[in-house]
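Student: I would like to learn how to read a predicted model step by step. Could we take one feature at a time, with the general idea before the case?

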Amino acid sequence: MGNFNIVIDGSIVGLYLLATMAAGLMVRKYVGRVEDFLVAGREMNVYLGVASLAATEFGIVTCMYTAENGFRYGFAGATPGILYALAMLVVGLTGFCIRPLRQSGVMTLPELFERRFGPGVRRAAGVVIVLGGLLNMGVFLRTGGEFLVQVTGFSLQAAPGAAGLAAWMQAHTLELAMTALLLMVAAYTILGGMLSVLVTDYLQFIVMSAGLLAVTALILVKVGWGRLVATVQAVHGSGGFNPFSHPQMGWPYVLFNALLNLAAVLTWMAVIQRVLAAKDARTGQKVYTRTSFFFVARFLIPGIWGIAALAALGPGADSLQAMPRFLGAFLPVGLMGLLVAAMLAADMSTDSSYMLTWASVIYNDIIAPFRRRNWSERRGLRLNRLIVAGIGLFLLAYGLWYPLQGDLWTYLGITGTIYLSSMSVLLIACCYWRRANSWGAVAAIAVGALVPVLYLVLEQMPGTSTWVRGNIGPYFSGIAAYVLAAAAMIAGSLLKPARREVTK
Amino acid sequence: MNGPLFWKILTAACLLWYATITVYVALRGARDIKEMLRSLKENRSSVTSDK
């Protein structure tokens with residue numbers, strides 16, 4: 001058992017859960033239309049948008065892999081956060097893609113694509129977005145549960161002498177706790193949609209930020225900045241401070257992350273749904289510029305936790321589990337409760353937003369185009385709620401009770417690149433290239449999926465794995481997916497005669 | 001600029017900015033929620049009266 005005190009820390013966590021549920025359920029009465037449910041009636045203002053975007057994009061999974069970056073690469077592991085912040089700042093200041101997107105009045109990306117590329121591309125983009133998004137999200141629950149179990153020190157073994165149901169429940173503490181958490185999130189998301197998501201995101205942002213800041217301050221005071229720097233210097237040398245001189249990073253790592261983060265800023269549905277829910281394009285841009293620096297904190301703060309774990313446990317520890325193990329022993333009673341509440345807040349805000357985001361694409365771009373007559377608002381709302389509930393069931397079945405086989409990060413990288421490479425090319429071409437058409441769009445989707453899948457297959461085959469890993473590697477493969485998807489868009493669009501283009 | 005100094009300045013800026021924006025968003029975000037709910041309520045009542 002770690003330092004988690006069931007009375008003091010448990011009360012802090014219980015109070016947070018109670019406040020979140022009350023706030024999430026309270027606003028359900030304001031939902032009268034599908035637009036209220038999916039984009040909060042487009043009434044979101046700047047600071048609520050900042051809270052929602054920051055809370056959505058920081059989950060326990062994020063905390064785990066950014067802390068692992070700190071453990072494995074030192075301070076240089078926070079480089080993707082700087083790149084993400086720069087991409088978001090530039091896009092926010094210029095309105096690149098997000099201004100025409102918000103001004104179009106659409107509710108999802110594929111809806112915009114239909115106007116330029118036709119209904120087939122809309123459905124194909126919808127399928128790619130939903131598959132990429134859901135498969136990514138599938139690992140959130142179990143990873144979050146493992147973090148909480150490590151930090152609190154709860155045992156996953158049945159107590160000696162326990163039998164029957166009691167033994168089964170003790171052995172499945174993680175699954176039961178995360179199921180209960182998901183049921184709470186699903187309850188307010190199903191009833192209140194985006195409105196509940198925004199209001200709970202606001203509360204969750206405050207709790208999450210208080211926890212992140214308090215834990216970091218304690219680490220800096222107790223472990224000390226000098227020891228963190230000395231540890232990075234001793235384990236990683238100059239590469240721990242500079243990604244270009246780190247042997248496992250270098251310019252391919254930086255370039256791949258620059259492309260990946262720009263694509264995520266432009267097309268990751270959970271991010272751009274805040275632009276679509278904003279009062280107007282200008283508000284959407286302000287949400288981006290004012291949230292941008294948060295993404296440095298998103299990588300640097302857990303990165304410092306990972307470096308502190310490296311200092312305490314040494315480089316031989318498991319890089320993914322080191323941070324929760326370190327915090328479980330390091331934090332005092334009271335602060336442990338705040339950390340658990342903060343991480344629950346981070347996870348709940350991410351889960352609710354992601355469930356709603358993928359539901360919006362399934363409803364708007366995969367199911368709705370097939371309807372023969374317009375549906376009433378009541379019927380549309382009912383269908384949206386059913387889809388959110390269905391996604392919740394999928395997460396339970398696929399992500400929690402069915403253990404994932406293989407490497408988590410390869411899996412996340414592949415599913416993410418399939419989505420982001422093709423969708424970012426489609427969005428940029430849709431907004432700024434007049435010759436872009438459906439042939440180019442289909443070619444970009446196909447090539448954007450083919451390159452990462454081909455790399456994965458070659459990497460797994462005994463005859464090619466050594467050559468592929470040594471001569472190509474994940475970063476060159478990722479860069480190739482973006483470059484070739486763009487080339488496919490250009491080639492496909494130029495091959496199709498311009499007069500046959502679909503216009504609306 | 002050497003590596004450790006760059007990260008020290010960035011960490012300090014990050015914590016200072018994050019603490020400030022948390023307080024600011026806590027205050028302004030509450031106002032945004034009130035305005036959003038009031039606006040949605042007005043929209044709903046105008047739709048109801050149109051019917």
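Student: How many of the residues in chain B are buried, as a percentage?

Tutor: A residue is called buried if 20 or more other C-beta atoms lie within 10 Å of its own, exposed if 12 or fewer, and partly exposed in between, with the C-beta atoms placed from the backbone. By that rule, buried residues make up 24% of the 51 residues in chain B, while in chain A 58% of the 504 residues count as buried. Please keep in mind that this is a predicted model, in which local features need pLDDT of at least 70 and side-chain atom pairs count only at pLDDT 80 or more, whereas totals for chains, interfaces and linings use all residues. Residues are numbered from 1 along each chain as its sequence is written, and chains are lettered from A and ligands numbered from 1 in the order in which they are written.

Student: Where in chain A is the confidence lowest, and where is it highest?

Tutor: The score to read is pLDDT, the predictor's confidence in each residue, which runs from 0 to 100. Chain A has a mean pLDDT of 86, and 94% of its residues reach 70 or more. Confidence is lowest in helix α10 (residues 164-171) of chain A, with a mean of 76, and highest in α5(A), at 95.

Student: What secondary structure do the two chains have?

Tutor: Helices (H or I, at least four residues) and strands (E, at least two) are DSSP runs, numbered from the N terminus. Chain A has 23 helices and zero strands, and chain B has one helix and zero strands.

Student: How is chain A divided into domains, and how far apart are their centres?

Tutor: Domain bounds come from an automatic or database domain assignment. For chain A this gives domain 1 (8-158 + 165-372 + 379-401) and domain 2 (403-504), and the C-alpha centres of these two domains lie 24 Å apart. Two residues are in contact if their C-beta atoms, placed from the backbone, lie within 7 Å, and the contact between the domains takes 31 residues from domain 1 of chain A and 31 residues from domain 2 of chain A. On the domain 1 side, the elements that give two or more residues are α7 (109-117), α8 (119-137) and α13 (250-267) of chain A.

Student: How many residues does each chain give to the contact between chains A and B?

Tutor: That contact takes 26 residues from chain B and 31 residues from chain A. To sort them by class, Ala, Val, Leu, Ile, Met, Phe, Trp, Tyr, Cys and Pro count as nonpolar, Asp, Glu, Lys and Arg as charged, and the others, Gly among them, as polar. The side of chain B that touches chain A then has 14 nonpolar, six polar and six charged residues.

Student: Which residues does A:N45 touch, leaving aside those up to four places away in sequence?

Tutor: A:N45 sits in the loop between α2 (34-39) and α3 of chain A, and it counts as buried because it has 20 C-beta neighbours inside 10 Å. Its contacts, with residues up to four places away in sequence not counted, are A:K279, A:T283, B:D32, B:E35 and B:M36. The C-alpha atoms of A:N45 and A:A278 are separated by 6.1 Å, although these residues are 233 residues apart along the chain.

Student: What is the phi of A:A40, and is A:A40 buried or exposed?

Tutor: A:A40, in the loop between α2 and α3 of chain A, has a positive phi of about 50 degrees although it is not a glycine. A:A40 is buried, because 30 other C-beta atoms lie within 10 Å.
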